[in-house]
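Please look at the sequence and the 3D structure shown here, and keep both in view while reading the report that follows.

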Amino acid sequence: MHSTITRLSRRALPAVAAAALLAACTSTGGSTGAASTAPTAAPTTASAATSADPAAPVPAPTATPTPTPTVKPTGQADPALQAFYGQKLAWAACKDDPATTKTDESAVQCATLKVPLDYADPSSGETLDVGVARITSSRPGERTGSLLVNPGGPGGSGVDMVQRGQKDYDGPLRDHYDIVGFDPRGSGLSAPVNCLDDRTRDGWITTDVLGPEHGKLLADACRAKYGKLLEHIGTRDTVRDVDVLRAALGDQKLAYFGLSYGTYLGSVYAEEFPDRVGRLVLDGAVDPAKPIAQNNIEQYGGFERSLQAFAAHCAKQAQCPLGKDPAKAAGKLADFLDGLKQKPLTTKDGRTLTSAAAWTGVIEGLYGDESGWDALANNIGWAMARGKGENLLAYTDSYNKRDKNGHYSVSADAYTAIYCADGATDVLTGEALDAAYAEMAAKAPLISRHEPGAALFDPDCRSWPFRSPEKAHPIVSKAATPIVVVGSTGDAATPYANAEKLAAQLGNAVLLTREGEGHTGYGHSACIRDAVHSYLVDGTVPAAGTRCATDPAR
């Protein structure tokens with residue numbers, strides 16, 4: 001199972017992403033309520049007694065007992081949610097996917113899960129439809145339940161992940177599980193947020209003018225089309241949908257495999273529903289404690305390291321457009337990419353390879369491991385030496401989910417909408433912003449210099465229609481079942497330190513390490529796959545300190 005992550009910034013996020021959230025919960029005025037119970041009559045009584053007889057003892061005021069607050073039931077225990085938790089999914093053949101002409105889709109079934117729009121007011125009558133797809137266990141006699149999967153993003157489609165990649169699950173996973181993908185709120189088939197038309201997005205994505213007005217254009221378009229919906233598509237709402245889906249599938253515990261941003265989704269689930277945690281694998285970890293700006297700084301630092309490694313590798317090859325000096329190769333590439341601001345390349349179909357578009361294409365290439373570096377270098381060479389930008393622009397289109405007909409996946413806007421709902425609206429200003437720019441320049445001097453603001457504000461939530469109450473915070477989970485966190489030492493999108501920190505935050509977790517370049521571990525290492533299969537199928541937790549090698553070049 002190796003899915004392309006949309007982007008991943010922050011807790012996951014260019015990503016495929018990121019991730020991260022919820023501090024010990026934002027106060028809603030509880031301290032004011034407690035203060036209101038302080039007695040007021042006693043001082044008056046004491047004053048009267050003193051004036052009548054100064055020698056008389058003054059009785060101590062009797063404190064009014066503070067009532068024990070009634071804990072509102074959540075999840076399956078909430079009577080207002082029982083109809084949602086008790087629903088039965090009506091499985092049927094999926095709608096034909098024209099992008100899967102070489103895949104037999106007859107084994108895939110689809111259904112719709114009904115969930116409340118607002119979990120704070122589930123009785124309002126406003127609901128959302130969540131798209132779900134599954135392939136059933138190939139050995140029903142050995143089936144142990146359902147395995148939910150998420151490809152990352154945020155905004156990646158779990159339905160596509162199952163429908164287009166069904167062969168990826170053949171073997172131990174499908175022998176023992178129904179494989180279930182779902183589209184998180186705001187993406188795919190689940191109230192998709194699609195704010196810009198394709199032509200507008202072509203220009204929006206490739207422009208080299210990336211100031212605050214760039215983000216405002218998208219924010220205004222999303223506000224006009226979706227309004228209230230934008231407040232209800234954050235990760236915490238999605239994990240509540242996941243728990244409803246778990247119950248509708250008939251599972252007592254959640255078995256889950258999340259990649260990239262999907263690790264954040266899984267982490268928040270473990271925090272929200274610790275008693276429902278089954279076997280969770282979180283691969284390509286996001287650190288929930290990091291605000292988005294800090295996550296972006298460290299992620300760009302990771303891509304800077306990968307850029308240097310890629311360029312040094314290229315310089316050692318017989319033909320390399322970056323020259324023969326490994327120490328200067330990365331700088332030569334950065335100079336060329338930045339120079340496209342003044343001299344963009346026009347492709348044969350009339351499109352333009354701008355600096356922003358070219359940098360996006362290179363970053364897309366750095367998501368992979370060393371096996372793809374020679375191809376990336378060759379396509380960079382076509383742009384540098386021959387002035388032909390088509391091949392590099394194809395990397396950009398892959399990153400942005402643009403198909404050959406010029407149509408974009410809805411994941412592009414879902415990425416921004418989900419991040420902004422997850423707390424990225426809490427942006428830096430003043431001295432803190434100046435310090436962040438300085439740190440970005442120190443950790444990613446080449447890869448961020450073309451547009452430091454776009455690097456730091458990715459996504460740009462400065463003009464977003466509402467301020468989210470969510471905050472980055474260390475995830476605290478009391479789950480009894482151990483969780484497996486997978487980290488890769490050369491992962492630029494989700495640096496290895498994230499996996500170390502997430503495993504420590506979760507407490508009852510073990511870190512499984514892959515040595516090598518590339519984003520996530522499962523698709524790059526047979527050793528990682530074997531360990532993940534053993535855990536998900538048999539419950540065998542990897543030994544602490546287990547390290548795996550990357551597969552030989554494919």
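## Confidence in the model

For the protein chain as a whole the mean pLDDT is 87, and 86% of the residues reach 70 or more. The model is a predicted one, in which local features need pLDDT of at least 70 and side-chain atom pairs count only at pLDDT 80 or more, while totals for chains, interfaces and linings use all residues. Residues are numbered from 1 along each chain as its sequence is written, and side-chain values use heavy atoms, with hydrogens and water left out.

## The sheet

Helices (H or I, at least four residues) and strands (E, at least two) are DSSP runs, numbered from the N terminus, and two strands pair if DSSP finds at least two bridges between them.

Strand β3 (residues 108–116) runs antiparallel to β4 and is joined to it by nine bridges, and A111 has V132 in β4 as its bridge partner. Strand β6 (residues 177–182) also runs antiparallel to β4, with four bridges between them, and here I135 stands opposite I179 in β6. In a regular strand the side chains alternate between the two faces of the sheet.

Further along the sheet, strand β8 (residues 277–283) and β11 run parallel and are joined by three bridges, with D283 standing opposite V486 in β11.

A nonpolar core is a set of buried Ala, Val, Leu, Ile, Met, Phe, Trp, Tyr and Cys residues joined through side-chain atoms within 4.5 Å. The largest such core has 71 residues, and those with the most contacts inside it are L113, L148, L245 and W464. Helix α15 gives the largest share of this core, eight residues. Leaving aside neighbours within four places in sequence, L113 is in contact with several residues, including L128, V130, V132 and L245.

A second, separate core of 47 residues includes A329, Y395, L433 and F457. In helix α14 (residues 390–400), the buried residues are L392, L393, Y395, T396, D397, Y399 and N400. These buried residues of α14 pack against α6 (198–206), α11 (326–339), β10 (352–353), α12 (355–366) and α13 (373–386). Just after α14, K401 takes a positive phi of about 60°.

## Disulfides

The structure holds five disulfides, each a pair of cysteine sulfur atoms within 2.5 Å. Counting the bonded cysteines along the chain, the pattern is 1-2, 3-4, 5-6, 7-8, 9-10. The table lists some of these links.

| Pair | S to S distance | Torsion about the S-S bond |
|---|---|---|
| C314 and C320 | 2.0 Å | about 115° |
| C420 and C461 | 2.0 Å | -90° |
| C527 and C548 | 2.0 Å | -50° |

The torsion of C314 and C320 is about 115°, so their disulfide is right-handed, and both of these cysteines are buried. The link of C420 and C461 is left-handed. C420 lies in helix α15 (residues 411–424) and C461 in the loop between α17 (452–456) and β11 (483–490), so the pair ties together parts that are 41 residues apart in sequence.

The link of C527 and C548 is also left-handed. This pair links distant parts of the chain, with C527 in helix α19 (residues 526–538) and C548 in strand β13 (residues 547–549), 21 residues apart. C527 counts as partly exposed because its relative accessibility is 34%, whereas C548, at 2%, counts as buried.

How values were computed
Buried means under 20% relative accessible area, exposed over 50%, partly exposed in between (1.4 Å probe, protein chains only). Contact means heavy atoms within 4.5 Å. pLDDT is the predictor's confidence in each residue, from 0 to 100.
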